[in-house]
Amino acid sequence: MIQSVDHVALLPVYLAAGTAVLVFLLDLVFAPGVAVRRPVLLGVAALGVLGTGVAAVMVAAGPVRTTFCVPGDADACSYVADQPGAVVAVLFCVLTLGVLALSVPTLAPGAPTGGPVPSGEYVFLLLCSLTGGVVLGYSRDLITLLVAVETLTLPLYVLVGLRRGVLASVSGAVNFFLVSVVSTSVTLMGAALLYALTGAVHLNRLAEALAAREELRAIPLTAVAAVLVLVGLAFKVAAVPFHAWAPGTYDGAPLPIAGYLSTASKLGGVIALLYVVVGALRPWLDVVGPALAALAVLTMTVGNLVALRQTRMVRLLAWSSVAQAGYILAPLGGFALAAGRQPEAVPVLVAATIGYAAFYVLIELGAFGCLVAMRGAADGGPIEDYRGVARRAPWLAAGFGLALAGLAGLPPGFAGLFAKVVVVRALLEGGAGWLAVVVALNAVVGLAYYVRLGALLYAPAERPAARSGGRVAWPVGVAVVAVTLAALLVGLAPQLVLDAAAAAALF
Amino acid sequence: MTWLLLATLVVPALGAAVVAALPGRLDQVGRILATVVAGLALLASLALYGRPVDPDASGIRPWAEYDVPWASGLDLSFHLGVDGISWPLVVLTTLLTLLCCGYTVWQGPAVTGGKNLLALLLVIEVGIVGVFAALDLVLFFVFFEVTLLPMYAVIAGWGGPDRRHAARKFVLYTLFGSVLLLVGVFTVVSAAGTADLVRLSAGGGEGITRGVQVAAFALLALAFAVKSPLWPLHTWLPDAHTEAPTVGSVILAGVLLKMGTYGLIRVAGVVPTGAQALAPVLGVLAVAAILVGSLVCLAQTELKRLIAYSSVGHMGFVLLGIATLTAAGFQAALIGNIAHGVITGLLFFLAGAIKDRAHTGDLTALGGLRETAPGLAGLLGFAAIASLGLPGLAGFWGEAFAVYAALQLGSLWTVLGVLGAVGGAFTAAYFLRLLRRVTHGPAVDTVAGVVPLRTGELVAWGPLAVLALALGLVPGLVLWLTSDPVEALIQVIS
């Protein structure tokens, strides 16, 4: 049996994977002592990521391309290069590019904590993770989807623990590894059960099979299968009660990797969840809807309440990102009600999830960018270290304050304000007013810790100039300015993100 | 006219950016620049005055309009306009901002980082003017949020000893209000299919079921009740006022609170059925606010706190007027809004000046101010008497007509009107007590040798004193502007 493969459709994946391999080979070419090694590796990686993003846009500009289809069935394809896939790929490219720039201090020789981080391996692993993210956006069957999610997360276990001799790093990596492996096997189990019940792995075929065979509802095993798939993916998103790994792992990881975990890795989990829930389990939205609503309410409430008591910077941001995952999932909770399952309401809710996620990753990347600019290769440290930062670094403090306002959803962080508006609007359109009120009240709890942190930046410093990373490396500076400007731009023109999200909701 | 409308927002916004970006050593230059900017904004807002283009249409008939789409995916369009209801409030905002800027210039080194304070005040001005001028519900919400963090920063950065706690309380309470506003706004928008206030109020809640209207009005009223503030959601206000710097208190009491009452009047025309259903509840709470506010004031021992609580009572009268949903009630509310802004602005200026001089706001530690600073004591007496509602001064009309409007309706409202009037009598009692404590009697140590009223202060406060008198003698200044739009609104509601 010969299958024709559409290599144009696969171009973004080829570029991402090719760059990863190229970086790996270049790392072998240069002797460890050569001064240009690190800049060359980073430069090649950045160009490759840029190329991947451009390729994704160009492929999406043409007609929808499909490949790896079942012979004789052009609709059952494992890989579809459509607009949603392109939006996801571009988002991953932007985030990877940002994290690459933020990694410069971590990779610099003589980094203060844990000795040198091997540049070649670090960049290679990050690009492998990107490849997983790009494939994820295009994948349309459960197996490809899970392989993509694993390709996205597997390199991260190593990246978290790459700093030698840092105990927190190792323990974070091990925790993350164990939890992730368990969650993946749980999802796999669920996928296997779904296949056993329906005989389908392609998302659209699964949906058709579930819709056609009402009798499946009577079998408890189907509910178990759906729950197992959801639980496994909830671990990836760090949704409560499957979130416990996140704070320790974030805090143990180098700052840029913590940023990647809370943006790209979380985005991957959300996309996978969306594809499975809305793509494959659509006829069962009445079953998974209430579960998602409960997950969203728990996630945002617990995340916000625990964040109130944090004293370390990265842990605070980790808990805040748990809470933000709750807001991301909230529109999907709208499926719990019949009004939210109407054919015209579903794309609105899905677009709200993608839209919020897009606003959020941009703001979160800005926050981590400012942290890296303030701390250099050091870790996030205790919150008290940031007292009076505004006196030493007024622009960085302003940037960080802007990101915090965005996370809290208040002007001048207009991007965050419109993100909240998108979610509340979609929920009310979907008839889930109660969930909108829960989201709204959570925003108040969230503001309590964001405003505490923001005020600390501007509080008078008791001791002069706490330790800081010294001069800001130029790639970090460029990345911070670019991300902050981008956040300001989408705050002024939110329609840009909304249009992209609406396009991405039609998978 | 359109460019004037934009200028009232764009000029202070740009001014704030420039002033904030100036280096710290140019502090005084920044303050003067901010004052010039605030002056330009006042001129622009004054020049906005006009008459409706289409006098026969129902609902809102803006004098000037500006409408461009902003984010269609959020039903958000940048739709601005002013009419007889919003214009006086816009002018009050720009006037108070100018006075606060001028006062800060005059204060000189007594205030550190004054240019940053004024940059924040200009941002707050943009937010408040935006709220009053927004003719799109979502835009209204966006501007409502704009004021939040800058006001927090003003209190937390320039406030009294317990400023952090007060600022946090302020920001969390008001965010609680504004998130409910967000939910309420989109409840209306998703039911009506538009966020355009002109179209919404012309329709008068057409196409929105009674249940949705009641839910939407409940959410919106709750949101505005936090802002106004309405008892029992007022507890953030005394702390915020006591700790805020003088100019912060003036803006907060003078115009920020008015965003709540203004919003309530606007949404009453959007979901009239909901408003009618919940009006009695609003009325009862408003009277409770009047009584609680004045009783607390009778026992209050701190100058700024007393004036803050008096705001709770005065805003209670405004809310009572709105709750009647009658033309007389709305007129009372609108003139009450303006009068309270003018008089309480003046009172907070005076309280700040007295606290700065005597280094205490404790009423038991003050006394005999008229012996040492007769000008200051005289102005305080004037403002207090205006505030207690003496006929002939601005405070009278709003309160008298709110009670009158309530009595006209009969049954429950008669009781509410009578209780409101009793609260009004308490108001007289506590203001006279305030005057007796602060200005009369022998001069005590704290006020011995205080600096008398200075020219800079007189220039900053004079316009407010003149306005308090002018509005009292000729209430028509405001009522003439508001009567047509209020009539149009009443047509929609009943």
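In this predicted model, B:Asp75 turns up in the loop between strand 1 (64–71) and strand 2 (76–82) of chain B. Its phi is positive, at about 55°, even though B:Asp75 is not a glycine. B:Asp75 has 23 other C-beta atoms within 10 Å, and the cut-off for a buried residue is 20 or more, so B:Asp75 counts as buried. B:His359 also has a positive phi without being a glycine, here about 60°. B:His359 sits in the loop that runs between helix 15 (327–358) and helix 16 (369–372) of chain B. With 10 other C-beta atoms within 10 Å, B:His359 is exposed, because a residue with 12 or fewer is put in that class.

Stepping back to chain B as a whole, the chain holds 21 helices and 2 strands. The radius of gyration of chain B comes to 21 Å, close to the 23 Å that the globule rule gives for 494 residues, so chain B is as compact as a globular protein of that length. The C-alpha trace of chain B spans about 65 × 55 × 40 Å along its principal axes. Of the 494 residues in chain B, 65% are buried. As for contacts in chain B between residues at least 6 apart in sequence, 80% of them link residues at least 24 apart.

Cis peptide bonds come up in both chains. In chain B, one joins B:Trp231 and B:Pro232, with omega at about 5°; B:Pro232 belongs to the loop between helix 9 (210–227) and helix 10 (236–243) of chain B. In chain A, a cis bond links A:Pro411 and A:Pro412, and omega there is about 10°. A:Pro412 falls in the loop between helix 16 (394–408) and helix 17 of chain A.

Helix 17 of chain A leads on to the meeting of the two chains. Here 25 residues of chain A are in contact with 24 residues of chain B. On the chain A side, helix 17 (414–429), helix 18 (433–458) and helix 20 (495–504) each supply at least two residues. Helix 18 of chain A gives the largest share of that side, 11 residues. Sorted by class, the side of chain A that touches chain B has 21 nonpolar, 2 polar and 2 charged residues.

Elsewhere in chain A, helix 10 (residues 245–252) is mostly covered, with 7 of its 8 residues buried. Among the buried ones are A:Pro247, A:Tyr250 and A:Asp251. The buried residues of helix 10 of chain A pack against helix 6 (142–160), helix 7 (167–198), helix 11 (255–280) and helix 13 (313–333) of chain A.

Terms used. Residues numbered from 1 in each chain as written. Chains lettered and ligands numbered in written order. Predicted model: local features only at pLDDT ≥ 70, side-chain atom pairs only at ≥ 80, totals over all residues. Contact = placed C-beta atoms within 7 Å. Helix = DSSP H or I, 4+ residues; strand = E, 2+ residues; numbered from the N terminus. Nonpolar A, V, L, I, M, F, W, Y, C, P; charged D, E, K, R; others polar. Rg over C-alpha atoms; globule rule 2.2 N^0.38 Å.
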